[in-house]
Amino acid sequence: MELVSTVASVATVLVTGFTAWFGIRIFKHQRTSSDIKLALEIFSTINNYWDRINDSNSQHYNYDMGQIFAQFETAARLFNDSILTDDALPILKDHIVEIYTAVESSDEGKNFIRDCVSSPTTFSELRKFLKKHFSTALLAQKHDIEKSRQK
């Protein structure tokens with residue numbers, strides 16, 4: 001009888017452990033899927049406004065830029081605070097850095113950023129994000145652009 005009880009206890013522990021492991025795995029997969037979906041939605045929203053800005057007939061530059069920077073700040077906060085998983089990071093990281101670099105490389109973009117800063121906390125999440133993820137290649141590209149403008 002004791003042997004049956006011991007085997008049943010061990011089997012219960014093993015089944016419980018497997019069930020917990022499987023449940024965590026499913027939860028992680030669902031979380032990753034929803035994080036990737038959100039990252040793609042942010043990516044798409046940024047693209048829509050960026051396309052409008054690049055349209056030569058765009059009459060809403062400040063509004064469109066404001067929407068892009070709102071998406072930048074939201075995404076940066078989600079990544080900085082580890083609310084979104086690292087699986088979603090590759091979807092947005094380069095896109096944010098590249099568009100930010102393009103904006104900051106233009107006089108109109110620099111003026112927009114300057115005019116928007118109303119306190120030391122304006123774009124604070126974006127600044128943290130860029131500091132962490134601004135690749136050396138884009139830093140070099142930014143330097144080359146600035147250097148060519150000075151000539």
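Analyst: Let's start with Arg77, which counts as partly exposed because its relative accessibility is 44% (buried is under 20% relative accessible area, exposed over 50%, partly exposed in between, with a 1.4 Å probe and protein chains only). Bear in mind that this is a predicted model, where local features need pLDDT of at least 70 and side-chain atom pairs count only at pLDDT 80 or more, while totals for chains, interfaces and linings use all residues. Residues are numbered from 1 along each chain as its sequence is written, and side-chain values use heavy atoms, with hydrogens and water left out.

Arg77 forms a salt bridge with Asp81, their closest N and O atoms being 2.3 Å apart (a salt bridge is a side-chain nitrogen of Lys or Arg within 4 Å of a carboxyl oxygen of Asp or Glu). Asp81 is partly exposed too, at 37% relative accessibility.

The structure holds five salt bridges. Another one joins Arg52 to Asp64, with 2.8 Å between the closest N and O atoms. Arg52 sits in helix 1 and Asp64 in helix 2 (residues 61–80), so this pair ties together parts twelve residues apart in sequence (helices are DSSP runs of H or I, at least four residues, numbered from the N terminus). Arg52 is partly exposed at 36% relative accessibility, whereas Asp64 is buried, at 0% relative accessible area.

Then there's Glu41 with Lys37, whose closest N and O atoms are 3.9 Å apart. Both lie in helix 1 (residues 2–54), four residues apart, or about one turn of the helix. Glu41 is partly exposed at 41% relative accessibility, while Lys37, at 53%, counts as exposed.

Technical notes:
Helices (H or I, at least four residues) and strands (E, at least two) are DSSP runs, numbered from the N terminus.
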